[in-house]
Amino acid sequence: MTSEALLETQGLKKYFNSGKSLKNWLLREEEESVQAVDDVNLRVEPGESIGVIGESGCGKTTLLRTLMGLYDPTEGDIVYDGKKMSDFTKSDWKAYRRNIQIIFQDPFNAANPKMKVKAYLKEPLNLHGIPNKEEKIRETLKQVELRPPDRYLNRYPGELSGGELQRIGIARALVTDPDVILADEPVSMLDVSTQAAVLKLLSRIQDEYDVSMIYISHDLSTVSYVCDTINVMYLGRIVEEAETKTLLDSPKHPYSQALINAIPRPNPYSDRERTQMEGSPRDPVGLDTGCRFRDRCPERMPICEQKPKFVDASDPDAQEHGVACHLYYEHEEAEQAMGDQQIIGGGN
Amino acid sequence: MNEPLLEFDDLTIEYETRNGAITAVSDASFAIHRGEYFGLAGESGCGKSTAAKSLLNILDDNGQISSGAIRYKGEELQNKSEKYMTEHIYWNEVSYIPQSSMDSLDPLKKISRQAVEIAQTHTDMTKQESLEKFKEMFEIVGIQENRIDDYPHEFSGGMQQRAIIALALFLEPSLIVADEPTTALDVIMQDQIFKYLDRIKETTDVSMILITHDISVIFESCDSLAIMHSGQIAETASCRDLFDTPRHPYSILLQQAFPDVDHPDRELQTIDGYPPQLGEDVDFCTFADRCPWAVSECRDAAPPLERIEDSETGRDHYAACIRTEEVRRSYEGDATPAEVDNDI
Amino acid sequence: MGVASRSVRTGKETISNYWQDSDFRKALRERSTQIAVLFLLLLLFLAVFGPTIAPYEHDTRIRADDGGLLRLGEPSLDHPLGTTESGYDVLSRLIVGVRPTVITGLLGGGMIITIGSSVGLISGYVGGRVDDGLMRMTDLVFAVPLIPFALVLVSVIGMGFYQSIFVIGLVLWRGTARVIRSQTLQVRERPFILSAKAAGAGTPYIIIKHVLPNVLPMAFLFFALGAGYTIILQAGLAFLGVSDPTVPSWGIMIRNAYDSGRMLSSLPWAVAPGLMISFTVLSVFTLGRGYEEVAGEGDDGDATAYAAA
């Protein structure tokens, strides 16, 4: 599978300085940085939809904003259509802003409350000088199942329901005919019955518009409905990547396993065991290079003091399945020893 | 002793607003037994939170119970004064875990102090006794005992929630009312908390009303449930009965709308329309406009809760629908509502 | 080219959208607001037509029956509020005084919110060093005591009616700036701002098209307050002799009454302008407050839905 990625990140890192405190300055300490995104490699191909799953604090929001171009990467690159973001010219940025669109989590706040729907949908068209605005807006409203369009054009966001607003959010993302849509928890603030409708809409849009999607969420059950591939993120790193079914059937990373196991099933006869996991993810501050899950991992080994490589752990006859875990690859003697050494030396 | 611990009997709650009265809960009836975990499910605005608040007499100022009764251990509570509630009910009979639990702890006081204050307000326990009990609770919810002297901000999100559960339990109430206790938490944290709630269920006699929109959580953690739609109880039964033999259209459609991580390919059920805005008199089925089985009679009167006979678990099963027969045939025979109507 | 001209165009659209908004109309439901608005409309009317409909010119010397000047005349049918020491009709001067008062309010209020909002918006949205710089400047202005500053400035730029308003505007924008800045900081975090950025909008566009409409209610309130303060302070400055004495403002009237030494014996002359100032400022504040209460309800008109949850 060597097709060109439409959008990808290469070794993407985004660290934030937590700000020098007086204490830092006096003691001449290094400021600790918040390592929100650490060496993330994502790729999405034309027409593909990938999910990024993680709990709060895993860095997915930062990842999204960096993809949007709101943050400058600390290290690494974002590559769109073969060109690195750091090399973008002004017109490259214009094209990027036209072709990469976003759907936000909070439908009630994603649109300016003082702006009518019509103006809200027109805005991206105005900014990019796209013609035939009236027609496009009407067409797109029909696509997101808001019919007749005229009923919605002159309304203010405050007059509409969550489901309607989210459809309008989707319409706004579609109106410039983008290549990639970044969706930030698009259904988490909707009721279940509305969720289903919006998820189905997203699925359909993907097919009909041939647009790629990067869907970010903490809710694996909704993500699995929409996405072909899922990346599991923990404390800034991708720990597993696999096709949806493969991940759900046989997760390999201990974190993925714990996560999938902890999801409640809509079935009173479900006999799954409650999680054995204790505690919660650490703060992503001042982390060393070792595996970030090791303090909670039931399979922890000395070698885990070292950063695990992202390796192919596919089962035979199964789809590609990548994991960042020492359990899944052979280690040289020297590496093993180094791991032990780090533990003895009081590694963190 | 089959008398229920808590009974809601034809309860109606209204809010006064500038635009007239709004009905939040309409003729709601359900019962909870001792040692039972009971889920109150429904989407936003269905009235589940309001119903719970009315039990504790903590409705907003413009809300009031306009008819019906709430019976706790046989005694009617809806007209009791706040003084009575404080002396007899709060914390030592019924405790409450509110929706935004993060705000229910005083950030300036150590948790132990808050526990002692609660104990001394509602019981005759000495400081020593209350601290002892509280430590026991911490153990049950899996937090180290020495942490009772910490301040709330020193706990992580999940631990704060468990600390609040410990507070809610240590005076040994008979009933806990938990309003969306894990909604803001990550899935693993949620599971941790329910692990302890399971344990509490096994070791004590306490009952719980769990209010949430997440039916999966209810199915896994509760014995029975009631599903509400726009102020009305649609169906109430044991979890297994409702799962095996749902009788109300909303129960069926709602379950099918939840994505299931074990079956990611399954088509999700969409439910048309929105819950209606309710005015003063609710004399129709609030689900009628969204219901594929609805007929004109559904809008003529509010459907009464009718007993469903086939209960495997022995727990009463009621559904508020005048077409449960047709619904059953459709659901079991896998025919569409239209086909059933035309007797295909 | 591009963004700047677009912003101007969309700025007009913003204002027209705004007035169609029902917030303003909602505010008019309150009785107190209605009365305030009526009074202010009356003032506006008088500001335009006052000098035409006043019974006398403001500087017509009234003659008594004996041919001499009717000084400090008692209230009578011809002169309901009496006459001043110079023989002018008090009522006429009162009516003619509406115009300078309204001008003061509009100009002063306008200056205050223009400077204040611009500083607040830019400071709040852009942040960083720009924010630091602008806020330090605002702090400096906060330290300035108004009346002494006015006196000093007047010695530089000269006395005068417009100068006195200018001086007030130059100082009083500080409160508006702080509040608008804090509002801007809040609005800036809302997803729709991010959405506009992601769509490729530039900073001036976002400030004018997205932030401004959402802080407009607060700006309007501060316009009302600013207008009120300017009127009072300008009257004070006029009383102190800093303004142009030939402009027949109410402040000057009080000054004249004071100068004559006869304030107690010719009460209508002394009290009427003071009362008018009070009523005017009260109406302006009431209007501002009435609007603020309504605008504070926010974008969720479905507060009732929340109640039922």
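Trp91(B) lies in the loop between helix 2 (82–89) and strand 6 of chain B; helices (H or I, at least four residues) and strands (E, at least two) are DSSP runs, numbered from the N terminus. The model is predicted: local features need pLDDT of at least 70 and side-chain atom pairs count only at pLDDT 80 or more, while totals for chains, interfaces and linings use all residues. Residues are numbered from 1 along each chain as its sequence is written, and chains are lettered from A and ligands numbered from 1 in the order in which they are written.

**Backbone exceptions**

Trp91(B) has a positive phi of about 70°, although it is not a glycine. With 20 C-beta neighbours inside 10 Å, Trp91(B) counts as buried. A residue is buried if 20 or more other C-beta atoms lie within 10 Å of its own, exposed if 12 or fewer, and partly exposed in between, with C-beta atoms placed from the backbone.

Ser230(B) also has a positive phi, near 45°, and is a residue other than glycine. Its place is the loop between strand 9 (224–229) and strand 10 (232–238) of chain B. Ser230(B) is buried, with 26 other C-beta atoms within 10 Å.

In chain A, the peptide bond from Arg147(A) to Pro148(A) is cis, with omega near -10°. Pro148(A) sits in the loop between helix 5 (133–143) and helix 6 (150–153) of chain A. Most residues other than glycine have a negative phi, and most peptide bonds are trans.

**Chains A and C**

Chain A has 12 helices and 12 strands. The radius of gyration of chain A is 22 Å, close to the 20 Å that the globule rule gives for 348 residues, so chain A is as compact as a globular protein of that length. This radius is taken over C-alpha atoms, and the globule rule is 2.2 Å times the number of residues to the power 0.38. The C-alpha trace of chain A spans about 70 × 60 × 40 Å along its principal axes.

Chain C has 13 helices and zero strands.

|---|---|---|
| Chain A, 348 residues | 47% buried | 67% of contacts |

**Domains of chain B**

Chain B is assigned domain 1 (6–93 + 174–341) and domain 2 (107–172); such bounds come from an automatic or database domain assignment. The C-alpha centres of domain 1 and domain 2 of chain B lie 31 Å apart. Each of these domains of chain B gives 13 residues to the contact. On the domain 1 side, helix 6 of chain B supplies the largest share, six residues. The residues of that side are 10 nonpolar, two polar and one charged. Here Ala, Val, Leu, Ile, Met, Phe, Trp, Tyr, Cys and Pro count as nonpolar, Asp, Glu, Lys and Arg as charged, and the others, Gly among them, as polar.

**Helix 5 of chain B**

Helix 5 of chain B covers residues 157–169, and at 1.5 Å a residue its 13 residues should span 18 Å; its end C-alpha atoms are 19 Å apart, which agrees. The expected span is 1.5 Å times one less than the number of residues. In this helix of chain B, 11 of the 13 residues are buried, so it is largely enclosed by the rest of the structure. Among them are Met159(B), Arg162(B) and Ala166(B). The buried residues of helix 5 pack against strand 6 (94–97), helix 3 (111–122), helix 4 (127–140), strand 7 (175–179) and helix 6 of chain B.

**Contact of chains A and B**

The contact takes 37 residues from chain B and 34 residues from chain A. On the side of chain B that touches chain A, helix 6 of chain B gives the most, with eight residues. The residues of that side of chain B are 18 nonpolar, nine polar and 10 charged.

**The largest nonpolar core**

A nonpolar core is a set of buried Ala, Val, Leu, Ile, Met, Phe, Trp, Tyr and Cys residues joined through C-beta atoms within 7 Å. The largest has 269 residues, of which Leu40(B), Ala166(B), Ile209(B), Leu210(B) and Leu225(B) touch the most other members. Helix 10 (residues 203–240) of chain C gives the most to this core, with 22 residues. At least three residues of the core come from each of domain 1 and domain 2 of chain B. Not counting residues up to four places away in sequence, the residues that Leu40(B) touches include Lys48(B), Ile209(B), Leu210(B) and Leu225(B).

Note on methods
Contact = placed C-beta atoms within 7 Å.
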